[in-house]
Amino acid sequence: MPKIVIAIDGYSSCGKSTTAKAVAARMGYGYIDTGAMYRAVSLYFIQERVLLTSHRDVMLALENIHIAFKHNPRTGKNETCLNGLNVEEEIRKMYISNIVSEVSAIPEVRWAMVAQQQKMGRRRGVVMDGRDIGTKVFPDAEVKVFMTADTYTRARRRQQELLAKGEMVNLEEIIRNLEKRDLIDTTRAESPLIQAPDAELLDTSYMTIEEQVEWVLELADRKL
Ligand code: C5P
């Protein structure tokens, strides 16, 4: 059976990555979390005090950033590595969420990440989630989903995720962060977050993860 690309784009905390991961597992496909890549770049920029407004600083930093996803036998998951170090936990923290949209709006950062993502999916057989997968990374993806959910539901989900990792953040701060990221992500000049004309809209506000997974699998089934 020919392998396809499944692109899942949309707002933060709509259930994109949980759904994408489960769909990939069910189909025997690879899963690529492109948000993790922008988060890893943000972590590096913070660690190395990269000046976001300096073209030279940014270019130099990008040359020194190597991002990979490695299987961790302890957790059974593919985890994000930055220059050989596992940064999976660190990049999910709130201080990274607070800067990641500014970092990912820098065109040079996007060009570097998009090129890597295209390489990672060149053999197809991948589920990729992000903001510009169906519009920029794989405009020829066979399946395109655009996920949305109401802000309160998204914030509650994000709060639960953070809590599960031991980080307690109040709902207002999370809502402010989601709204700020939405605004930057949808208004940036370079590949802003928009629904591709051929993407199917999925509002997950009142859906369980299982329902979301089934919905995407049925869509994929029709394309295979
Ligand atoms: O998916 P996640 O919430 O981890 O993504 C973090 C941030 O990375 C997003 O808010 C967005 O600014 C950026 N991002 C992006 N393009 C992608 C994936 C993520 O700009 N393909």
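1. Which residue takes a positive phi in the hairpin of β3 and β4? In this predicted model, the residue is G76, whose phi is near 75 degrees, and the hairpin has four residues between its strands. The two strands themselves, β3 at residues 67-72 and β4 at residues 77-82, pair in the antiparallel sense over six bridges. Two of the pairings can be followed residue by residue: N72 stands opposite K77 in β4, and F69 has T80 of β4 as its bridge partner.

2. The antiparallel pairing of β4 with β5 runs over two bridges: L82 stands opposite L85 in β5, while C81 has N86 of β5 as its bridge partner.

3. A separate point concerns the open sheet of five strands, which are arranged in the order β2-β6-β1-β7-β8 with parallel pairing. Why is one side of β2 and one side of β8 left without a neighbour in the sheet? Both β2 (30-33) and β8 (200-203) stand at the edges, and each has a single partner strand, so one side of each remains without a neighbour there. On average, and with direction ignored, neighbouring strands of this sheet are turned by 20 degrees against each other. As background for reading both sheets, strands of a sheet pair through backbone hydrogen bonds, either parallel or antiparallel.

4. Helix α1 (residues 16-27) lies across β1 (5-10), β2, β6 and β7 (143-148), and runs at about 180 degrees to β6.

5. The surroundings of the ligand deserve a careful look. There are 13 residues around the ligand, of which G35, S101, S104, G130 and R131 come nearest. The elements that give two or more residues to this shell are α2 (34-47), α4 (94-104) and α8 (171-187), and the most come from α2, which gives four. Which classes of residue make up the shell around the ligand? The residues divide into two nonpolar, six polar and five charged.

6. From the record, UniProt places the feature "domain: Cytidylate kinase" at residues 6-220, in an unreviewed entry. In the model, the end C-alpha atoms of residues 6-220 lie 8 Å apart, and the span is 50% helix and 18% strand.

7. A last point is confidence. The chain has a mean pLDDT of 96, and 100% of its residues reach 70 or more, while the model scores ipTM 0.99 and pTM 0.96.

Note on methods
Residues numbered from 1 in each chain as written. Predicted model: local features only at pLDDT ≥ 70, side-chain atom pairs only at ≥ 80, totals over all residues. Pairing = 2+ DSSP bridges. UniProt positions renumbered as here; feature names shortened; annotations may be inferred. Axes fitted to C-alpha atoms, helices over the stretch in contact; angles between N-to-C directions. Contact = placed C-beta atoms within 7 Å. Near = placed C-beta within 6 Å. Nonpolar A, V, L, I, M, F, W, Y, C, P; charged D, E, K, R; others polar. pLDDT = per-residue confidence, 0-100.
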